[in-house]
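Keep the viewer open as you read.

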Number of protein chains: 2
Amino acid sequence: MEPSERADRPVGINDVAARAGVSAGTVSNVLNRPERVSEATRRRVERAIEELDYVRNSSGRNLRSGRSDSIGLVVLDVTNPFFTEVAQGVEDVAAEDGLAVVLLNSAERSDRQRRSARLLAEQRAAGAVVMPVDGDTADLLWLRKQGVSGVLLDRGDVGPEVACSVSVDNLAGGAAAARHLIGLGHERITFLSGPEGLEQCRTRLQGLREGLAEVGIDPEAAVRVVHTAQLNAESGEKAVEEVLAGGPGRRPTAVFCANDQLALGVLKGLGERGLSAPSDLSVVGYDDVAPASLVHPGLTTVAQPKYELGCAAMRLLLGELHDPDHTHERVRYTPELVVRGSTAVNRR
Amino acid sequence: MEPSERADRPVGINDVAARAGVSAGTVSNVLNRPERVSEATRRRVERAIEELDYVRNSSGRNLRSGRSDSIGLVVLDVTNPFFTEVAQGVEDVAAEDGLAVVLLNSAERSDRQRRSARLLAEQRAAGAVVMPVDGDTADLLWLRKQGVSGVLLDRGDVGPEVACSVSVDNLAGGAAAARHLIGLGHERITFLSGPEGLEQCRTRLQGLREGLAEVGIDPEAAVRVVHTAQLNAESGEKAVEEVLAGGPGRRPTAVFCANDQLALGVLKGLGERGLSAPSDLSVVGYDDVAPASLVHPGLTTVAQPKYELGCAAMRLLLGELHDPDHTHERVRYTPELVVRGSTAVNRR
DNA sequence: AGGCGGTATTGAAACGTGTCAATGGCGGTG
DNA sequence: CACCGCCATTGACACGTTTCAATACCGCCT
């Protein structure tokens, strides 16, 4: 009959109101507090919404409320399965509260982290979960000053007086790896670290050292540190040469990698040289990402509760959003060693 | 001196204007068309912005312009490295134009895909790149009707008269796998598929069959199909039993998996049974995700240009956004077989 | 001096929504 | 019958921007 789809001008709440023969305020009520509006008109409005297929404009809504209803998750590397599993946890919990999650990738670069923070501030995001590059929490603090509640996840540190945080005990993780390797008779261990200065790597290394010291082994003599440019498989592969070296008689019998990606790279590098774990070198990783259980031999690794990390972070954030006078919490998980085939007793 | 940080009310463009002694319009001009404003006042305004650390409110801006400046990327599974690599491509190209990318995860569920579409429509997103669940393009079409330009990526199909699309030739991919396996002397091949009815799997299978038929092998006799519940490693692992079975004398000498995740699962499952590729079974995957080159033996697989897919999709979208009367394009890539260690000549 | 052209700035009007005090209608009670 | 209270609905305003026609300013030419 009539040109039902006037694609010309987008349909707004007013068009719906006109069609239903009510005022705009009533339509808004139908949308946001349906209990306040009588059965009859509610139905009329709903029909009008259907017929015009009206979809509400969040710009208007957010402008009015001063807040958007999505939260930001700033992640260090979308291609690393560790982070995507964390993201799952965050998403699932956020969904319970009807919050949308926008995933921002800082790619380990602080300029991109800054851009992400700016974006979230401009959108007046409801909140943010941030895994900071290099433990640089400045952007998180800035966000909070802008009124965007932010929770710190996994890296970096701020006092519980400034924000909630959830993390995993890297010291314990390093120590667990140490105990495992000692139990297998390894006393020459290389720690394959990421870029220099990464607080996370440093702590895991320290855990390793403390674990050794605990049983009377001198960490200085037993462990050697090799740094890589990035925490990915390629770097691990390239580092194999250097890991295996170390002077005559100084070849390590085990390597503890700061990261599963590195460890997977090492495994590959070994294979390319006709060597393999655990017979030529025991290999321990960190994180327990999905591929760790897929390679052969399986990667022995310090497992982090990835999904739970995400859930916990989002829960803390929700807590802060709902409870106006809320006191910051600090959740701390303890990692757990998963033994697979890449480690074995030292036969040398 | 004065309480410089009145966290009370958020600072808006008007506060900046007041501080700089100009009108709001001028501030807006400084932000958006700096060339129209005189050197002197521009500097004054910029100083005011600094001093108040004003950050602009995108709700207001978007409300006015009727469009937001972020685009949505709807992805089937954030934990699958295939999709995250695609996401990288999309992000990188979007960044060139200053567009933000919000990553939505449909987790292969059509209700979540619908929610994502709704969200993007409500935000009046500048555009969307969609990888549809089950090839269900209804949401994409709905988005377009709502005025959100959408590009179809990798799955599903719509005529080029309704939207741009980028895809990879699955038929050619299947055929490439076929040729490779035939060349190695395999004539009993199992195709390990995903859930029934996935158009993508079907086409790859058909490619396999056509490749066989090409050299005079009867596909009906040579290939057997096994379905799994999901396209992930766990399903692949569980399917090993069924793959290996198939009646006496009917044990396949090779398996072609619809997906690298499945293939990696199969490799693992083989290992658990004391078997291994390629001696007991040649294994071919599809996608060439990062772990495929990390396992030992390396996974022979049909490589898709993941990053390029993302780039291409975003380029098409940008084209559509910039050029008002634009004609839809259809970009099609051809996959390339990557031979690694998981396949070898058939010795039976 | 008056007028002209150009540039820098202003003021007001939108954009689509949510809120809230005010209004209208209606049934019930004194 | 007048009054009250209740509920459903309305109307107007505010949110922070951008835009655009209108204005003010200034120097220059006639």
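In this predicted model, B:Arg330 makes a salt bridge with B:Asp157, and their closest N and O atoms sit 2.6 Å apart. That pair links distant parts of the chain: B:Arg330 is in strand S11 of chain B, B:Asp157 is in the loop between strands S4 and S5, and 173 residues separate them. B:Arg330 is partly exposed at 41% relative accessible area, while B:Asp157 counts as exposed at 52%.

| Pair | Closest N and O atoms |
|---|---|
| B:Arg330 and B:Asp157 | 2.6 Å |
| B:Glu214 and B:Arg179 | 3.6 Å |
| A:Arg42 and A:Glu46 | 3.9 Å |

The B:Glu214 and B:Arg179 bridge connects helix H9 to helix H8 of chain B, across 35 residues. B:Glu214 is exposed at 56%, and B:Arg179 is partly exposed at 45%. Over in chain A, a network of salt bridges with shared partners joins A:Glu39, A:Arg42, A:Arg43 and A:Glu46. Within helix H3, A:Arg42 and A:Glu46 are four residues apart, so about one helical turn lies between them.

Now the rings: there are six aromatic pairs over all chains. In one of them, B:Phe256 and B:Tyr286 have centres 6.2 Å apart and planes at 35°, so the pair is tilted. B:Phe256 belongs to strand S8 and B:Tyr286 to strand S9, so the contact ties together parts 30 residues apart in sequence. B:Phe256 is buried at 0%, and B:Tyr286 is buried at 0% too. The charged end of B:Arg204 sits over the B:Tyr286 ring, 3.6 Å from its centre.

Technical notes:
Residues numbered from 1 in each chain as written. Chains lettered and ligands numbered in written order. Predicted model: local features only at pLDDT ≥ 70, side-chain atom pairs only at ≥ 80, totals over all residues. Heavy atoms only, no water. Phe/Tyr/Trp six-rings, centres within 6.5 Å; stacked < 30°, edge-to-face > 60°. Helix = DSSP H or I, 4+ residues; strand = E, 2+ residues; numbered from the N terminus. Buried < 20%, exposed > 50% of the residue type's maximum accessible area, 1.4 Å probe, protein only. Lys NZ or Arg CZ within 6 Å of the ring centre and 35° of its normal. Salt bridge = Lys/Arg side-chain N within 4 Å of Asp/Glu carboxyl O.
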